[in-house]
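Student: I have a structure open and want to learn how to read it. Could you take me through a few features?

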Amino acid sequence: MNKSGRFFTYTLALFSVASMGQSSAADWPQFRGPKRDGICQETGLLKQWPAAGPTLLWEAKGLGQGYSTVSVVGDRIYTDGQTGDGSFVIALNVADGNKAWTAKFGKATEYGGYVGPRGAPTVDGNLLFTVDPDGELVCLDTTSGTEKWRKSYTRDLGGKPPSWGFAEAPLVDGENLIVTPGGSKGAIAALNKATGQLVWQSKEFTDSAQYASLVPCEIGGVKQYVQLTASSVAGIAAADGKLLWKTSRHGSTAVIPTPIVSGKFVYVTSGYGAGCNLFRIAGAGDKFSATEVYANKVMVNHHGGVIKVGDFVYGYSDGKGWTCQDFKSGDAKWQEREKLGKGSLLFADGHFYLRDEGSAGTVALIEASPEGYKESGRFKQPHRSSENSWPHPVIANGRLYLRDQDILLCYDVKAKN
């Protein structure tokens, strides 16, 4: 081989190594997607499903117990599950669902009668981060599952598991990993993602942890993290963990859904009768304030999540059904409680993918429209377990993934030319 040929081969090899584990626009590297908003940016997906539903490409088994959904980056799928005496991260091949590796990261757990991990892994380059219900946080190598480092929410960061165990998905932001252990040392902590070393902890914000996954944003020119707990909503400075603003907001029993940040507005909702709130955040530098715009019970979302598309928020409201709510006013645009039961959702290519958590295992495709509930197909998931199908649906590279305890189903939802 001549020099130019060797140079080309060497350059290609470097590119390939650098690309391993790197996420693309069509990947789903963390809970609720690239921006933690439940929105998939892919287009060219099916607008109408066949009578039997989209084509099932493969079914993977042996994932164990738990409620973790999946993260998808490149040719790998990652999820958590409990088998035997431990909790494991499982890496699967996108092509066929076969296991690439498994890595034990925690012991077997049961909180509130529910077994196994709850949160989803977060993938950043060649690093994967996940936490078990006890608060064991690990960083693994995505190519092999080799452990890089670990921290304990309880022993190292002063947290205490909530009643149903820790369930958040860690957030990677630049060189830091942001987590919510809760407690008197600081509810939110930033760790160096490469080493696990503590960068800062929010000493002014010490609420107990609940189950929501925090979101990054910029308000008033200041980068911050917004988190929801049982007693408040708060914004924490990304630079140093300083409390920028905090407002009282009472949650009941369990506070789970991820907040929505849109411009200078923060929207939150939770179940058990708590309802929803919209706050206007004003300020700059280190002086901020939060003013409540509305509080009502149009959206009482348990844990299936809510998604803002355009000027409207969509999700399942306990007792009222699938709901479209005007984001600015809080008014209900439409509500549908008869056609599909309570569950989770994601948005892609003008449609919502709704997953009923009940025993029937129904998945529906509806138009993302404030004009009403307009279905474009439905199917029943095969091999439903006896547990609620709480893992949120995921779309990555034209494929729909549905986790249900021990199994993972992969469907082709790409439109054919």
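Predicted model: local features only at pLDDT ≥ 70, side-chain atom pairs only at ≥ 80, totals over all residues.

Student: What is a salt bridge, and how many salt bridges does a search of the whole structure find?

Tutor: Side chains of opposite charge can pair when their charged atoms come close. The cut-off: a side-chain nitrogen of Lys or Arg within 4 Å of a carboxyl oxygen of Asp or Glu. The search of the whole structure finds 14.

Student: Which residue forms a salt bridge with Lys104?

Tutor: Asp85 does, with the closest N and O atoms 3.5 Å apart. This pair links distant parts of the chain, 19 residues apart. Lys104 is in strand E6 (residues 99–107), and Asp85 is in the loop between strands E4 (76–83) and E5 (86–93). Strands (E, at least two residues) are DSSP runs, numbered from the N terminus.

Student: Which residue meets Asp318 in a salt bridge?

Tutor: Lys342, with the closest N and O atoms 3.9 Å apart. Asp318 is partly exposed at 23%, and Lys342 is partly exposed at 23%.

Student: What about Asp356: where does it lie, and what is the nearest side chain of opposite charge?

Tutor: Asp356 lies in strand E30 (residues 351–356). Asp356 is buried yet has no salt bridge. The nearest side chain of opposite charge, Arg378, is 6.8 Å away. Lys and Arg count as positive, Asp and Glu as negative; His and the chain ends are not counted. Leaving aside neighbours within four places in sequence, the contacts of Asp356 (heavy atoms within 4.5 Å) include Lys342, Thr362 and Ser389.

Student: What is the order of strands in the open sheet with E30?

Tutor: Two strands pair if DSSP finds at least two bridges between them. The order of these five strands is E1-E29-E30-E31-E32, with mixed pairing. E1 (39–40) and E32 (375–380) each have a single partner strand, so one side of each is left without a neighbour in the sheet. E1 and E29 (residues 343–348) run parallel, joined by two bridges. Ile39 stands opposite Phe347 in E29.

Notes: Residues numbered from 1 in each chain as written. Heavy atoms only, no water. Helix = DSSP H or I, 4+ residues; strand = E, 2+ residues; numbered from the N terminus. Buried < 20%, exposed > 50% of the residue type's maximum accessible area, 1.4 Å probe, protein only.
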